[in-house]
Amino acid sequence: MPQVPNPARTSALTKTSWFGTAPALPTFEPLGEDTSADVVVVGGGIAGLTTAYLLGREGVKVLLLEDGELASGESGRTTAHLSNALDDRYTTLENLFGQEGARLAADSHTVAIATIEGIVAEEKIDCDFTRLDGYLFLPQGGHSQELSDELAAAHRAGLTQVAHLAEASTTGFEPGECLHFPQQGQFHILKYLAGLATAITRQGGRICTRTHVSEVHGGTNARVLTATGHTATATKGLVIATNTPFNDRVVMHTKQAPYRTYVVAARVPKGAITKALYWDTADPYHYIRLQEVAAGPRGGAANYDLLIVGGEDHKTGQEDHPEARLDCLEEWVRARFPVVKDFEYRWSGQVMEPQDGLAFAGRNPLDSDNVFIITGDSGHGMTHGTLGPLIITDLIQGRPNPWAALYDPGRVTLKRESAQEFIRENVNVALEYTELLTSGDVKDVDEIPVGEGAVLRRGLSKVAVYKDNQGATHECSAICPHLGCVVHWNNLEKSWDCPCHGSRFTALGELLSGPANTGLAAG
C-alpha cells in the first residue's frame, strides 16, 4: 500500500508531535460494495488495528472499517506511555476489586507491554520501541505515606520489583522521593500503527478508511451498515473499537465519563534529561516522557529531543478557556525543566474515565453475544488498546481469558467509592441538561468574535453559531444528537463539544467523535 498524505479530517485542530515526526500513514479505499468477513472491526486506532492483527494471525478473515483515516481519532493524540503503573493506583484497585483483581490488572498491563514488544520484533516494525524505567513521584505538598501505601499494594499485586527510592538519581530532572517501576516502555505510536496495518493486509485482512458505520446489528445475521448504504456481514462477531461505543445508546455512557487532557512538547538538548517515564500523584496528575528526534528540520542528525508532558484534565465541554490549560502546563514544565527550549507542539486529546478505574473489553451489555466493545482507556490507551484485543480474540475464538471478568463491560462494582463516583458523574450530566432552559452564551451573533463560536437562543431552540475568519456565520442546532445535551464551544480545537457524554463536532457541525453517530442538525 503506497504512503500518501492523510486527508485533513482529524479529531482535533492542534497538531501532535507524532504527525510531525513520522511518514504519512497508509490510506485505503472506502468500502464500495456489500461484503462479508468472519469479524468486522470498527475503528482504526490501536484497539481496532490490534484486534484485526491478533485475529488475522490466527487465520480469521477480518474487515476493518474506519470513518476517517488510520489514527485520526485519539490514538494519534496519545503520549504513548506503555506502563503497568496504573492511574488509579493499586491501593484504589485493591479496594475496589480485591487483591486478586489488582493482581490481574497488573498482569494484564504487563502482558500488554510484552505483546507490543513481541509484535514489534515479529513484524520488524521500526517504531522506536524501548524498555525503560518509570518513576512515580509526589507533587508539591504530597505525603510520603502515599508512596509507602502504593508500594505495598503494588507488591501485593505481583509487581515485586517496584522499589521505594529516596531519590531517582536521574539527569536533568530529579523527582525526589519516588517509586521506581522497572521495565516500562514507550514507542512512536504512528510508526507502530503503520506497521500493524501493513501486517494486517499481508495476513489477508482488509482495511477500508473513510467509511462511516451508521448501524450495528448483532445476532444470527450480524452486520454493519455504512452511511453510503453498503452492508458488511460477520459470521463470528462485530468489534466496536472507537474510543467510546456509538452503538450503545445509554448503558456504557453511565459507567464512564469523557475528559479532555492537554499535552505540550518542548525541545531539550539530547542527553540532557534521563530517558524514562515520570508521573506524579497529583489529581489531575502529570505524565512525562522523552521522544527521540532523529533528523533535524533540514535533514541531518537533530541536536535535540522532545520533552512531552501532559495533564490539566477536565470534563469534556466544561472548560471555557482550554488554551489556559496549555499555558499552565507550560509554566509547570518550565519550573521543573530549566533546559527546556522552545515549545514545538501543543495539543489536546480525550480519555474515557470509567467509574471504577478499569477499562471495558468484552461483550456489549444488553446486546447480542457476538457484539464486542473496547472502551474506557483511563489514560492507558496503549496498553488498554492491546489487552482489550487479547481478551476479545480469546472470546471470539471460544477460549477462556484470565482477565475477561475483570474488564467485562457488564460488570457492576458495588464498593462505596465506585458508587459515589457513579453518582457524582451522572449528577454532573443531569445538571448539564438545565442548559436547555437557560439563555445562550450571547444574545446576538454580532457579539461573537471572528473565528469563534457561541450558543444563542432563538425562541424555544438553541443554535450553535460559528463565525469564520471572513466573518461569515454558520449555524446548526446546539443539541447533541446522542441524548440531547447542549454543546459548548471549544476555542482551542474550534469544535463543538458535548458536556454530557463527550461527543464532538467540527465548527460546521460535522461529526468528529461519538457516542453521537451523526452531525449536529441544520440550524
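Mentor: Angles under 35 degrees count as roughly parallel, over 145 as roughly antiparallel, 65 to 115 as roughly perpendicular and the rest as oblique. Axes are lines fitted to C-alpha atoms, for helices over the stretch in contact, and angles run from 0 to 180 degrees between N-to-C directions. Helices (H or I, at least four residues) and strands (E, at least two) are DSSP runs, numbered from the N terminus. This is a predicted model, where local features need pLDDT of at least 70, side-chain atom pairs count only at pLDDT 80 or more, and totals for chains, interfaces and linings use all residues. Residues are numbered from 1 along each chain as its sequence is written, and side-chain values use heavy atoms, with hydrogens and water left out.

Trainee: At what angle do α3 and α7 pack?

Mentor: About 90°, with the axes 8 Å apart. Helix α3 covers residues 89–123 and helix α7 covers 381–396. The two are therefore roughly perpendicular.

Trainee: Which residues make the contact?

Mentor: Contact means heavy atoms within 4.5 Å. From α3, they include His109, Ile113 and Ile116; from α7, Met382, His384 and Leu390 are among them. The contact residues divide into 7 nonpolar, 6 polar and no charged. Here Ala, Val, Leu, Ile, Met, Phe, Trp, Tyr, Cys and Pro count as nonpolar, Asp, Glu, Lys and Arg as charged, and the others, Gly among them, as polar.

Trainee: On to rings. How many aromatic pairs are there?

Mentor: Rings of Phe, Tyr and Trp (its six-membered ring) pair if their centres lie within 6.5 Å; planes under 30 degrees apart are stacked, over 60 edge-to-face, the rest tilted. That rule gives 9 aromatic pairs. Take Phe137 and Phe173: their centres are 5.5 Å apart and their planes at 75°, so they are edge-to-face. Phe137 is in strand β4 and Phe173 in the loop between β5 and β6, 36 residues apart.

Trainee: Is Phe137 buried or exposed?

Mentor: Buried, at 4% relative accessible area. Phe173 is buried too, at 6%. Buried means under 20%, exposed over 50%, partly exposed in between (1.4 Å probe, protein chains only).

Trainee: Which cluster do ring pairs make?

Mentor: They link Tyr135, Phe137, Phe173, Tyr278 and Phe337.

Trainee: And what sits over the ring of Tyr304?

Mentor: The charged end of Arg267, 3.8 Å from the ring centre. The rule wants NZ of Lys or CZ of Arg within 6 Å of the centre and within 35 degrees of the ring normal.
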